[in-house]
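This report describes how two chains meet, and then how one of them is divided and paired within itself. The sequence and structure come first.

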Amino acid sequence: MRFPYNTSYRDAQKLLRYRADWLAYGLLAAVLIAAPWILPRYYVGEATYIFIMCVASLGLMVVTGFTGQISFGHAAFVAIGAYTHTLLLTAGVPFIVSIILAGVFTGLIGLLVGLPAIRVSGLHLAMVTMAFAIIVEQIVGRWKSVTGGFTGIPVPPPRIFGFDLGAQKPFYFLCLAVLLAVLAALVNLLRGHAGRAFVGVRDSEAAALSLGIWIAGYKVLAFSISAGITGIAGALFAHHVQFVTPEGFSLLLSLELVIMVMIGGLGSLRGAVFGAVFISLLPTAISAMKPFLPDRVAGQFGLETFVFGLVLALFILFEPMGLNGRWLKLKSLFSAFPLYRKDTFRRGKTYMKSERYR
Amino acid sequence: MFSRAIFGAALALGFAAGAQAAGIKDTEIVVGTHLDLSGPVAAGMPQLRNGMQMRLDEANDKGGVNGRKFKFVVEDNASQPQVAVRAAEKLINSDEVFAILNPFGSGTNAAAVKRAVDAGVIYFSPWGASAILQKISGNSPLLFTTIANYDTTTAAGLKWMIDQYKPQKVGFIFQEGPFGDLLGAGVKAAMEEKKMTLAATAGYKAGDLDFSSQVARMQQAGVDLVVTATIIRETIAVAGEMKKAGMTNAKMLTGTPGRINLVAQLGKDNVEGIYGVGTWNPLVPAKGSEDVQKWAATFKSRYNLEPDETGLLAYAYTDWFVKAVEAAGRDVTTDKVVAALRASSQSSLIFYDTKKFVNNHAMPESVKVEQIKGGAWTAVSPLFNEK
């Protein structure tokens, strides 16, 4: 067990406080940097896709995990980011400018949608965002002169200062760099003033208001930031598919993102990453498992859907805190071994909760 | 000395890689596909998978092709482009397939095709919009498309209908999306050529159940030929709605996806008398000629599933590919198979005529207009071409 002992304000501000943190994250960084040369080609491509999904799931985590607003429409922001980036690149805008503009533009759209949408919450917000996603899918499909309609448009390869980053290894590092930048920005945002306000709004609007937090403002801000980050993920997504069609941004993608943050563990950035890794790898794991299953089972249609549903159901039943919750439990088990207390994570006191005044 | 040895080894390796294509081993040849196993059209995929599996198994049962047995890898694309990309990447980089056969979907194939041909993998018979895929691949010699373009075939069928039945006003009901767009382009082209304009158009969304407003619009405009870009359920619903509305004098013409047996079987009286244009023979495998019946019985005994036209089509396309691999001989390379495919021709009970690859697309795209008479599709036109 370790107890933080601060001798200056700087101590509390450090992102990595202990040597163990430096070691663990350093090791992770080394593995990630070496991965493209160690892993087989196929898994490098998979890792790249996971990075992109991590960025999108981090985007959703800001609004769902930290501000407590559920959104079933984030595929629309992925789509807006992807199309904006593709159109800007096609128009000759340099990559770095284009990806930033894609994020900013998607953030602005998020602001526009957020303004009316934050008036409702819970199930109603889920409906509003879902409707928004369907509208965007239709607009993208019908605005043929710009988006190429349902046929789609090709995505130019990513080029920075004349270097083509479309090949597998450069694209891997590009996605990794974007993920790290987004992660660093979010860590700093969420431990700062805005992040605390987000959590306050999530846990109790009444309490937050009494502390002078402008609830509507922070809700819209969270929605807009979330949309912007998801838009950046969309830009990378466009390079991943190389040819954007509306089919890629269906309700299924929105649901997948929601499942990522739920399974990962709401209210934690690490959870968003865990969720994205887990959900993205599940189909790969199923298909890798197939050769070892008896033919009767492996050839069964609907195996993918079945395993997916089973895993989700098991998680909701046995680990509502998600992968991050499980990770924290494991960590404390190891650090306290053999003195682990069974009820460590049980809440000592529960306060009365009211649906009406949150 | 040491570095020279490495250089030599690298050279030898490079040479070996150049000599033998991916997926070709001493006793094995790996092929793959990506289908929608978990998405919206997953219900139709067993036909495709089993059709392909059956032809490859038949080759393997005879000891393989030129001493090599087929290994068949099936991946899921969930009808989503991003999943299709990952499926294609796995086939190309992890399973190292020699060719991808009969992959399914338009958006999915659009995202996957370029990767495959860039990696030197033959992309054979994608079930998607052929012209668009050819364009995306940069007219790659490794892409072979077999699915007839819906726009030109529909145009041909509609022109024949206009010449034959002299309709005064033509209407168009279409599914909004790539399928409706493509078929609509054909309708537009045919109308322009016949110097007519569409009297009414009405769209619907995939999944819609009620077509009364679309049919009412047709009726209001006095349409006497309704062209529909509809799939199975919608074809039946539109035909039924037209009967209910009393449009008994109006004819209905559906495109290739609506012109299948399931429509005749499920629609019964509702679809009696509707017309359909298409490039393959809409036969019921279990009721066809003796050969088809025998094939259908084998299919049923192997997979415990009644085959339909798509199963037979998947089988026929796979057969085409297997024959080309056979023709390429023991020292099979990608170039040799491509050359064999280009020189080949294929006839099957499901095709109206013998197909050949012209610019890597199966030609001729000849069509027949058939009508449902007594619950089964019956040819009413001769076999004809767009041009």
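In this predicted model, chain B and chain A bury about 2700 Å² between them, and carbon and sulfur atoms account for 55% of that area. Leu37(B), Gln82(B) and Arg86(B) together supply 24% of the area that chain B buries against chain A, more than any other three residues. In terms of contacts, 31 residues of chain B touch 32 residues of chain A.

The rule finds three salt bridges across this interface, and one pairing of charged side chains is that of Arg86(B) with Glu46(A), which form a salt bridge at 3.0 Å, N to O.

Several elements of chain B give two or more residues to the side that touches chain A, namely helix 2 (45–61), strand 2 (69–76), helix 3 (81–94), helix 4 (106–118), helix 5 (130–136) and helix 7 (178–193). Helix 3 of chain B provides the largest share, eight residues. By class, this side of chain B consists of 11 nonpolar, 10 polar and 10 charged residues.

Within chain B, the domain assignment gives domain 1 (2–148 + 288–351) and domain 2 (150–278 + 367–379). Their C-alpha centres lie 33 Å apart, and the contact between them takes four residues from domain 1 and seven residues from domain 2. The table sets out values for the two interfaces.

| Interface | Buried area | Share on carbon and sulfur atoms |
|---|---|---|
| Chain B and chain A | about 2700 Å² | 55% |
| Domain 1 and domain 2 of chain B | about 390 Å² | 57% |

Ala129(B), Ala148(B) and Glu309(B) supply 75% of the area that domain 1 of chain B buries against domain 2 of chain B, more than any other three residues. The side of domain 1 that touches domain 2 has two nonpolar residues, one polar and one charged.

Chain B also contains an open sheet of three strands in the order 11-12-13, with antiparallel pairing. Strand 11 (345–346) and strand 13 (361–363) are its edge strands, each pairing on one side only. Strand 12 (residues 355–358) is joined to strand 13 by three bridges, and the bridge partner of Lys356(B) in strand 13 is Met363(B).

Notes:
Residues numbered from 1 in each chain as written. Chains lettered and ligands numbered in written order. Predicted model: local features only at pLDDT ≥ 70, side-chain atom pairs only at ≥ 80, totals over all residues. Heavy atoms only, no water. Contact = heavy atoms within 4.5 Å. Buried area = accessible area lost by both parts, 1.4 Å probe. Salt bridge = Lys/Arg side-chain N within 4 Å of Asp/Glu carboxyl O. Helix = DSSP H or I, 4+ residues; strand = E, 2+ residues; numbered from the N terminus. Nonpolar A, V, L, I, M, F, W, Y, C, P; charged D, E, K, R; others polar. Pairing = 2+ DSSP bridges. Domains from an automatic or database assignment.
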